[in-house]
Structure formats: structure tokens, C-alpha cells
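Visitor: I am new to this structure, and I would like to know what lies behind each word you use for it. Could we begin by looking at it together?

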Amino acid sequence: MEYKILLTDSDGTHELPALEVPLTRENYEKMTTVEALSGNVYDDYISTKRIWTHTWAYLSKEEYDLLDEIYERAKSEFTYPLLTINGEAVADVVVRYELSPKNIVDNCGNVQGVSVTFRETRQLGS
Amino acid sequence: MQVVSPAFNQLANGDIRPLSWGAMISFDKEFDDDVSFFTLDQSVLNGLDLLAPSGDNPIQAWDYYAYQDFTERLVYISVERSLEFPYSVVSAIADFQLNNYDGYFTPNSASPISSFILPKRPVRLLQGFAATALPQFVGLTEGMPEISRTEGTATFTAMDFLTWIYDMPIRQTIAMQNVRTDEVLANIFEQFGLTPAQYDLAVARNVIPFLFFEEGQQTAGDIIRPLMQAEMGKLWLDEQGIIRFRPRLEQPDTPVYYFDHDSINTLETSEDDEIINHVVIRAEVRKLQVPQVAYSITGAIDDNFVIPANSTQPVYIELSDPTINIVEPTLGEGSSASWFRAYSNGEEVLSGVGLDGVAELTNSYTLFIENNNSFPVTISDIVLWGEPARIVGGTATTYDAYDDESVEKYEEKILPISNNFIQSISQAESLALTLLDEYSEYNDIITIEVKGNPALQLSDIIDVDYDEFSGEYRVISISNKTQDAKFTQILKCKKYTPRHWFTLDQSLLNSSDVLAP
């Protein structure tokens, strides 16, 4: 199974550069631990959301610009993109998308240490 | 306690509890397309169609709005219910905050609902576990939302529909005889356009021989509060939006929930300021009389009052006792059971003066007297024949009851009650003994934050197992809040002593069952 990250927005579906390792997924639990008078505890939780992070050691100028365009389009169109990760049970999940700063390391415009973070959410305005 | 599945209670008691909630609001107050209103010549009488509410009356039609779901924007929900002592009326208030990062709830903004961000928007709030979010509140927003631009939030406050009804003036004059509390309540709710499907009123204990209210002179709350005080039952709008009434002996009396060290998070005790060991009840007990002279005046009603030639003037008469079925007076002494005289220059006028109509209220009577003569007349000597409801014995009745033992222990704690819905000594005695039974002894009032269950309701009996506070308690105030991924339930509870009231044909004579006051 080849893992691929796809982002969909108003401009279409875009395949992100080939993945390196690791592609990290963590669960964000909106949970509170409550302590009773006995000292025992219980947990209340209202939602679980997923967060994916990935770092590329190097990306070309074109590859970085693609990520940057998707990021800027989300801001100008007031809507989050949809994330699909082939190989994981993730299809068209609304995500808040963060992109690390552009760290150009040579005259060709190659960028070093590019990180993306996708935080699962929902389009509240829709 | 609201009826829930065992699975719901399992979730409430679980180690890890998946909270759920909901906020439904009808900002535009559009009706639900699935609700069909009654159409003349098309709908079947007593069929399923509803009478369309008159005008913009959300109190009448809270069930019929199309509500939009704003759950995804919820930041917190807080619903509080408490008994208004000593009226036995429950009021509910809700606060909730919505994510307003995009200004969607900001009035006078570019929001598509901007023009609908107004007071009195119908709201439904829910709290629960997993897939079951229980109804917690139905009501109307109060005022405009509080908008925080820095936090990106809109905060609303809402009051339940019953609280809104209390502030509304009575729309029709009520004069009823030998009516129970529930019948009066039904009359009031009908005035506000509520259908019987919107309320559930049990048969009350109190019977009121005569009662009257004038249109526009009092609010529904002015009537309902003392009515409920006399009954000492409970009137509330339940979590689903149904108005319910239960008399004082039909309150829950068996524990429905259990709390112990593992399910109580905090516990505090309250002061003993709710001890009552002396009850003084004052009431004007009225009884409707047989037809008789209800009002009379000898001489001119007002020396300066003159009805000019060929004109009509109102003569306002304030009645000392509420009176019904007044016979319309005619000109000349003894011309009918009710009569009046007219004079001109000291001479009695025997013709050309008559009645052009009356405005009859139970506490006032206005005659519109027409003078067809070519000279002015004065009116004098009015006698009105009707059925007055006079105070029995001529003065207000006072009933006094106290608990010697409690007075000795805690000093005298008086509760004075002045309530004209208490219309008999036995009724006053019953109310006073019930109050003394419940309040004359020091009973712990505890406030506990618990591992809560949103199905719990006001008046429920809970079983507490925690050190010296162990025992049964009645819930007298309840606060349910969901915020920061935590469901916080705070209960104010009063120690409950079970009473088994004597039931004819069921209880054994000389058993532990006691006669209900």
C-alpha cells in the first residue's frame, strides 16, 4: 500500500509530495478528569479529533509553492480543505491546515525542513 | 427523573463518559413545514391540524418552529432550575455561548441572520451522553447576545416559556365559582392560546368557591403564584416544553438515584434559614350570595356631575365586593330590581333619561346614561341588584398554627401568608400543617457537585451515602452545565423524611400511615 496525502479545495484535488517517515497521527481528546471525594476519578469527554503531522527534509520550490497556495486559498475563501490519506481510513476529512515557514537553502529555491499539520475539524460556517 | 434507557444510566455511571449536547435555535421564527395549521372549510374539527398562532406569539407556538442546529458552535451550556419558595413555581434560566469567530451571531453585521438576532428567539438546549442528548430547556432568549470580539463568542441568556407567561397581563376577565387550582390554570393557559396538548395538569386539592380577575389588571404571575402557594403543589415547564402541575401529595417520594463517595465531587451545607415553625395565614374568604342589593347610594353621586342635554355620560361605580349578574338599572325608584333617579333643578325627571349600555367588570360597573332631554340632569340614588361575593363573617379570616417543640428549640420563625385563594379553615389548616411538617425541624440542606445525570429533575428524591450526610434528600435546585469537556451537575438538596399518607381502603387503621394534612 502506497501512502499518499491528498488535499482537496476549490481548485481541485492535489497530491502532496511523496511521503517520508514518519507520518505521525495523534488523538486530541477533549477530555476532563474529575476527582470524586473518594479520590477516585472519572473522565468526561466530548470529542476526539485526530491530528496528523509530517515533515519533509527537503522540498523543491514548486512543491513548497503548491502547499503554500492551498494554505493561502483556505484563508481567502474562508474554508478549510479536505484531507485524504490513502492507506489510512481518512477520506475527505475537513482539516485545519498549518504550514511551517519557508526555509530556502539554495539558489534553486529548495526548502529545508517543511512541516505540515492537519487538525481534524468541521466547517462551522456550512 | 426523565425516562431514559438503562444504557443511558450506565453511561452516566461509567468511568469514561462520552458527553453529548445540542443547541437548537429558531432565529427567523419560521414554522416547521411539517406542521400544518388549521384551515377553515378544509381542516377537520378535532383533527390533527393546529390553530395558527395569533400574531407573533412564540409562547403559543414553541413547538412549531423550525429550529436550526448550532451544536457544532457550542462553547458551553448552563441550565438552572429552582423552586420559588413559597410559591411552588419552578423557574428555569439558561446561559449558553456559541462560537462567533465569523460574526454569524453579531447583530447589524454582514451575517445572513443579522436581522434576526433579536430578543425572544425560541431555543431548545440538550445535554446527555453518546447518541442520546436529553431535552434540558425550552425557552426564549432574553435581550441581545453579548458579543466578545476578542474571544470570538456570542453569549445568550434565555428564560423558559412559563417565566414569560408570568409577566403577561391577563387577556380576559375571569369569574369562576367552585373551581380547582388546575381548572384556573387551564383557563389562564387557554387565554394565552395554549392547547391542552401543551399542558398536563393533575387534579388539584384546593377548591376555590369564588374567584375573579379583571382583564389587563393583573399578570398571569400575579394569579398563578398565590394560586400555587395556596395549593403548595408544583408547577413547572418540563425539559420537553410541557407545562406540568402536581398537587402537594403527588410529589416523587422514592429515591431514583444514588450518590456516594465515588460520585460526589464536592459537598457543602447551608444555613438553617429555612426553618418555619409558626404559620399565620390571612385570607378574605368570600362566598357568592343570592341575588340582593349589591350597591346603593343615596343622594347625588357627585354634586358636580351633570349630564348635558342630549348627550351620554359614563357613571363609574366601584364595587366593594366583586359582583356578577348585575341587573341593568332603569329610571325611577322601583322601576326594576336595579334603578336610579335623575334630577333637574331639584325636580325629579321621570322620562327622557335611560341606559345606553354598561361596562360590567366584577369589581366595577360603568353605566352609560343617555339624557334625551333639552336640559341637563344630575344622577342620584342608584341601587344595583346582583350577586356579590361577600367576605364571610365580614372580615378577613386569620389562621394560626405553630410547632411548640420547634419554637422552643430554634426560636420563633414565622411565615406570614396572605392569600385569598385559601378559602376555608380546613384549607388553611392543611397548608399550615404541611408547611410545619416539612420545615419545622432542622434538616440538612446540602449542595453537592456530583457525577451527574442530566435525566435528574427537580423534586426527585436521591439517596446519599456519605458519612453523616447519608439519607434521602429532595432536589430543590439543579444546575447542569457542560463546558470544557465536563458535565457539571450541582444539586441543592433538602433532607427528606418519607411520609406514608393514609389511603382509604388501602392503609390499615392504627398503622404507620398518617392522615394527609
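Guide: Phe105(B) is buried, and so is Phe156(B), where buried means under 20% relative accessible area, exposed means over 50%, and partly exposed is what lies in between (1.4 Å probe, protein chains only). This is a predicted model, in which local features need pLDDT of at least 70 and side-chain atom pairs count only at pLDDT 80 or more, whereas totals for chains, interfaces and linings use all residues. Residues are numbered from 1 along each chain as its sequence is written, chains are lettered from A and ligands numbered from 1 in the order in which they are written, and side-chain values use heavy atoms, with hydrogens and water left out.

Visitor: How many aromatic pairs does a search of the whole structure find, and what makes two rings a pair?

Guide: The search finds 14 aromatic pairs over all chains. Rings of Phe, Tyr and Trp (its six-membered ring) pair if their centres lie within 6.5 Å, and planes under 30 degrees apart count as stacked, over 60 as edge-to-face and the rest as tilted. For Phe70(B) and Phe105(B) the ring centres are 5.3 Å apart and the planes stand at 70°, so the pair is edge-to-face. This pair links distant parts of the chain, 35 residues apart, with Phe70(B) in the loop between strand E2 (68-69) and strand E3 (74-84) of chain B and Phe105(B) in the loop between strand E4 (89-99) and strand E5 (122-129) of chain B. Strands are DSSP runs (E, at least two residues), as are helices (H or I, at least four), and both are numbered from the N terminus.

Visitor: Why is the pair of Phe105(B) and Phe156(B) called edge-to-face, and what does the pair tie together?

Guide: The ring centres of Phe105(B) and Phe156(B) are 6.1 Å apart and their planes are at 90°, so this pair is edge-to-face. Because Phe105(B) lies in the loop between E4 and E5 of chain B and Phe156(B) in strand E8 (residues 153-160) of chain B, the pair ties together parts that are 51 residues apart in sequence. Ring pairs also link these two residues with Phe27(B), Phe70(B), Phe96(B) and Tyr104(B) into a cluster.

Visitor: Why is Thr488(B) called buried, and which residues does Thr488(B) touch?

Guide: Thr488(B), found in strand E32 (residues 486-495) of chain B, has a relative accessibility of 16% and therefore counts as buried. Not counting residues up to four places away in sequence, Thr488(B) touches Glu449(B), Ser479(B), Asn480(B) and Lys481(B), contact meaning heavy atoms within 4.5 Å.

Visitor: How do you know whether Pro454(B) is buried or exposed?

Guide: The relative accessible area of Pro454(B) is 1%, so Pro454(B) is buried. Pro454(B) is found in the loop between strand E29 (445-450) and strand E30 (461-465) of chain B, and among the residues that Pro454(B) touches are Gln2(B), Phe8(B), Phe129(B), Asn480(B) and Phe487(B).

Visitor: What makes Glu72(B) and Arg122(A) a salt bridge?

Guide: A salt bridge is a side-chain nitrogen of Lys or Arg within 4 Å of a carboxyl oxygen of Asp or Glu, and the closest N and O atoms of Glu72(B) and Arg122(A) are 2.5 Å apart. Glu72(B) lies in the loop between E2 and E3 of chain B and Arg122(A) in the segment after strand E7 (111-120) of chain A, so the pair joins two chains. Glu72(B), at 41% relative accessibility, counts as partly exposed, and Arg122(A), at 47%, counts as partly exposed too. Across the interface of chain A and chain B the rule finds two salt bridges, and over all chains the count comes to 21.

Visitor: Which salt bridge does Asp321(B) form, and why is Asp321(B) called buried?

Guide: Asp321(B) forms a salt bridge with Arg390(B), the closest N and O atoms being 2.8 Å apart. Asp321(B) lies in the loop between strand E19 (311-318) and strand E20 (323-324) of chain B and Arg390(B) in strand E26 (residues 378-391) of chain B, so the pair ties together parts 69 residues apart in sequence. With a relative accessible area of 12%, Asp321(B) is buried, whereas Arg390(B), at 25%, is partly exposed.

Visitor: Why does Glu333(B) count as exposed?

Guide: The relative accessibility of Glu333(B) is 52%, so Glu333(B) counts as exposed, while Arg341(B), at 15%, counts as buried. The side chains of Arg341(B) and Glu333(B) meet in a salt bridge (2.2 Å, N to O).
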